[in-house]
Amino acid sequence: MINKEAPAIKYSDFLINQTPPPMEKDKEYVKFYLKHIEYCKSGVTVGGIYLSGWLYWHINFFKLTIDTFDDYGNIVPRIQNLSFRDNEFLLDYSLNKAYDDKRRLPLMIFGTRRFAKSVFLASRIAYKSFIFQNSHSVIVGASSNDINNITKYIDEFLSAKPDCFSDLRKVGNWSKTSSDIEIAYSKLEASKVARNEGRRKNPLTKHLFSDINTSESKLIFSRIAIRNLEHGQTKSKEEILAGITPTEVIFDECGKYSYKNQWLALQPAISTNLGVYRTIVLFVGTGGDVDMSKDAENYFLDADGSNFTRIDPTLYQKIVQDGMFPLEQKNTNTGLFVPRNMSLEGGEKKIIPFNDYVKKTYSKDDLEALEGFNIQVTDWKGTDEYFDNKLSTLKDDLEKVKQTMYYPSQPEDCFLVKGNNPFPAEQAKKTRVSLEENGLLGEYYTLSQGLDGTIYYNPTDLIPIKDFPFKGGSYDAPVVILEKPIFSEPSEIKYGTYIAGFDGYKINSSETTDSVGSFYIFKRSVGITGYRNQIVAHIASRPKDTNSFYRQCLLLLKAYNAELLPEFDTNLHNYLNNNNALGYMANCQSVVEMVVPKSVANTTCGLPSNTRTKAHYLELVKSYCWEEVEVGYDDDGSAITSLGIERIHDPMLLEEIENYRPNGNFDRIAAFGHALVWHDHLNIRGVQADEQKQFVQNKEAREILSNARNIRNTNSGKYRRRVRKR
């Protein structure tokens with residue numbers, strides 16, 4: 001919060017430039033430190049530039065062990081104050097923007113690795129814990145390892161804290177998360193230290209505690225709580241923040257867990273009768289650390305829609321000198337994005353006078369106040385060259401994607417791959433958005449069959465499930481048709497033209513499970529027009545009557561004369577058997593013998609669900625998505641290619657691919673994967689759907705394909721496999 005009443009001081013008056021009075025001079029010692037502690041609350045103006053209380057703390061009070069060179073060129077660790085960089089000034093600007101909002105909206109910070117995120121967070125926690133009495137800070141993390149990255153810096157600070165806090169100690173253990181850490185004055189410990197080190201009680205201590213003469217053996221100044229969400233996998237963790245009244249909350253590595261429930265539970269705890277939040281809640285993450293959640297992506301990339309603080313870089317550019325922050329951020333409706341240029345990975349920063357960084361008209365007095373005050377600034381051109389050169393040395397495209405994600409140049413780059421996601425997640429998102437924007441979502445029907453066997457496509461007002469993960473309960477969804485069968489009479493459709501994949505669910509309805517029944521009709525390579533090696537029909541549903549879902553699946557099998565490879569499902573098998581339709585089931589045993597040799601699994605009801613079969617279908621889905629395919633020709637007759645994932649026209653399957661993580665529940669991927677398993681098996685057996693292949697060999701036909709090359713519309717063109725190794 002910008003304090004208009006903040007005292008105006010010179011840089012030479014900063015604590016780091018002062019020599020404190022000796023402790024023996026009680027009054028002078030206390031007055032000296034109380035003045036600088038007050039600066040940490042009010043903030044200061046230096047040469048007309050405002051620095052928040054936290055930034056004054058960070059520059060003057062916060063110390064860590066830093067590797068430095070001695071006089072002989074040896075690297076030695078030293079306890080010292082940290083350098084003032086453009087990173088910290090940008091962070092301070094963003095914090096002030098959040099506090100300026102009358103509602104004090106939460107602030108999400110996402111960006112490059114190695115921008116000293118953990119140091120920043122440790123500094124914030126130490127600031128709240130040593131400057132504000134009775135404060136209660138909370139660190140929320142995905143795992144103990146992530147939390148330890150912050151607490152180790154807090155411990156370093158505690159070992160090197162300023163002399164004025166010498167009587168304050170940490171009481172408790174970070175690993176015992178059931179109880180809070182206390183920053184406290186222990187009379188017994190203080191007396192022991194005094195005896196062993198021959199020093200007196202710090203005269204500032206009695207000013208910190210008005211009740212210091214009570215009989216209590218321990219006086220608590222502040223508390224720090226640790227909350228480990230264990231990647232959001234434990235249900236009992238959902239309300240872990242309810243019932244506390246924190247004054248500082250940090251969600252560290254917020255892309256590694258689903259935090260929505262915790263955030264909702266926290267809001268009443270930080271609300272006040274003044275109509276604003278008690279504090280700014282910080283959500284912080286780094287590119288690539290998005291294993292478990294899409295919450296961070298949704299909140300970060302739409303700050304206004306998420307009711308978070310929006311940090312528009314164009315506004316920051318107005319307060320710094322031209323060229324000092326030349327970020328051309330395409331999406332400005334985000335939280336604070338820290339680009340790759342500000343990473344320690346990019347190399348050393350340049351040291352310049354602070355007045356050469358901030359844009360304003362300086363008076364003679366301003367320049368005098370700023371004398372000697374320097375800032376380390378980013379070499380934008382040099383860092384761009386460094387990261388571009390590093391990318392150019394990588395030959396594997398997936399490694400390039402990861403490098404871009406770890407060191408992003410745009411906010412969206414942070415979410416290119418979801419943790420251990422092997423799929424092209426960013427292209428999945430782009431394809432999904434394009435389908436939705438252009439209305440290329442297929443037509444919605446319910447299928448029925450007349451007494452003469454005719455399959456009828458009945459238009460319906462039902463709409464597909466649009467939530468991922470599925471919220472539970474019952475849901476009756478339509479059949480989505482992207483392309484109808486090539487012949488209205490199923491018997492005219494050759495064997496192997498269409499195949500199907502299926503993944504079911506175990507119970508009729510549930511308020512807690514996120515499973516849905518998923519079914520795909522996949523058209524193999526046929527002719528030169530229409531869909532080819534693509535999904536042409538699908539349904540993902542969970543009606544109260546499971547048989548009604550099976551009925552729609554069966555009618556699709558009949559309409560497309562398709563052969564089905566399902567994941568093992570006795571209920572589906574029984575339904576098909578009762579309807580004399582087991583002939584549509586593929587021979588799973590032949591696949592099992594190839595994927596899991598010597599398996600004794602029962603394959604009459606579908607492909608067994610185990611680690612080997614799952615790995616097999618995931619590899620096929622991955623290859624399908626990353627495959628380069630020709631989608632048409634340019635004016636010169638040269639082939640135009642794109643990634644195979646663009647052939648998928650089911651937005652919810654694309655969303656599953658975009659958010660995939662190991663050990664999650666991804667029904668559509670499983671169903672699509674089973675279709676690809678059977679497609680691959682038929683290819684191995686040499687079963688081709690269309691023996692009268694047509695090849696395009698003349699200019700007129702190439703022009704036709706060129707005009708129809710948008711695969712999101714007709715997927716015209718002959719696809720040729722050029723599989724990248726991944």
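User: Where does Asn 533 sit, and what makes its phi stand out?

Analyst: In this predicted model, Asn 533 belongs to the loop that links strand 19 (517-523) to strand 20 (534-541). Its phi is near 55 degrees, which is positive even though the residue is something other than glycine.

User: Why is Asn 533 called buried?

Analyst: Buried means under 20% relative accessible area. Asn 533 has a relative accessible area of 16%, so it counts as buried.

User: Where is Ala 116, and what is its phi?

Analyst: Ala 116 is in the loop between strand 5 (107-111) and helix 4. Its phi is positive, at about 70 degrees, although Ala 116 is not a glycine.

User: What makes Ala 116 "partly exposed"?

Analyst: The label is for values between the cut-offs, with buried under 20% and exposed over 50%. Ala 116 has a relative accessible area of 22%, so partly exposed is what it gets.

User: And Gly 305, is that buried or exposed, and how do you know?

Analyst: Exposed means over 50%. Gly 305 comes out at 58%, so it is exposed. Gly 305 lies in helix 10 (residues 303-306). Its C-alpha atom is 8.9 Å from that of Asn 333, a residue 28 places away along the chain.

User: Which peptide bond is cis, and how do you know?

Analyst: The bond joining Phe 468 and Pro 469 is cis, with omega at about -5 degrees. Pro 469 is in the loop between strand 16 (455-459) and strand 17 (479-481).

User: On to helix packing. What numbers do you use to describe two packed helices?

Analyst: The angle between the axes and the distance between the axes.

User: Then what makes helix 19 and helix 21 roughly perpendicular?

Analyst: Helix 19 (residues 611-626) packs on helix 21 (residues 667-685) at an angle of about 85 degrees, with the axes 8 Å apart. Roughly perpendicular covers 65 to 115 degrees, so helix 19 and helix 21 get that label. On the helix 19 side the contact includes His 616, Leu 620, Val 621 and Tyr 624, and on the helix 21 side it includes Ala 670, Phe 672, His 674 and Asp 680. By class, the residues of this contact are ten nonpolar, three polar and one charged.

User: Which residues of helix 4 and helix 5 meet, and how do they divide by class?

Analyst: Among those of helix 4 are Val 119, Leu 121, Ile 125 and Phe 130, while helix 5 brings residues including Asn 149, Ile 150, Tyr 153 and Phe 157. The contact of helix 4 with helix 5 has eleven nonpolar residues, two polar ones and no charged ones.

User: How do helix 16 and helix 17 cross?

Analyst: The axes of helix 16 (residues 546-560) and helix 17 (residues 570-578) come within 10 Å, crossing at roughly 65 degrees. That crossing is right-handed. Helix 16 uses Asn 547, Tyr 550, Arg 551 and Leu 554, against Asn 571, Leu 572, Tyr 575 and Leu 576 of helix 17. Five of the contact residues are nonpolar, two polar and one charged.

User: What is in the largest nonpolar core?

Analyst: It has 117 residues, and Trp 57, Phe 89, Phe 354 and Tyr 357 have the most contacts inside it. Helix 4 contributes the most to this core, with nine residues. Leaving out neighbours within four places in sequence, Tyr 357 is in contact with residues including Phe 89, Tyr 316, Met 324 and Ile 375. Another core, of 77 residues, lies apart from the largest one; among its residues are Tyr 445, Phe 522, Val 621 and Ala 670.

User: Which residues of helix 14 are buried, and what covers them?

Analyst: In helix 14 (residues 397-406), the buried ones are Leu 398, Gln 403, Thr 404 and Met 405. The cover over them includes helix 13 (380-392) and helix 19.

User: How much of the whole chain counts as buried?

Analyst: Of its 726 residues, 55%. The chain has 22 helices and 23 strands.

Terms used:
Residues numbered from 1 in each chain as written. Predicted model: local features only at pLDDT ≥ 70, side-chain atom pairs only at ≥ 80, totals over all residues. Heavy atoms only, no water. Axes fitted to C-alpha atoms, helices over the stretch in contact; angles between N-to-C directions. Helix = DSSP H or I, 4+ residues; strand = E, 2+ residues; numbered from the N terminus. Left-handed = near helix turned anticlockwise from the far one by under 90°. Contact = heavy atoms within 4.5 Å. Nonpolar A, V, L, I, M, F, W, Y, C, P; charged D, E, K, R; others polar. Buried < 20%, exposed > 50% of the residue type's maximum accessible area, 1.4 Å probe, protein only. Core = buried A, V, L, I, M, F, W, Y, C linked by side-chain atoms within 4.5 Å. Parallel < 35°, antiparallel > 145°, perpendicular 65-115°, else oblique.
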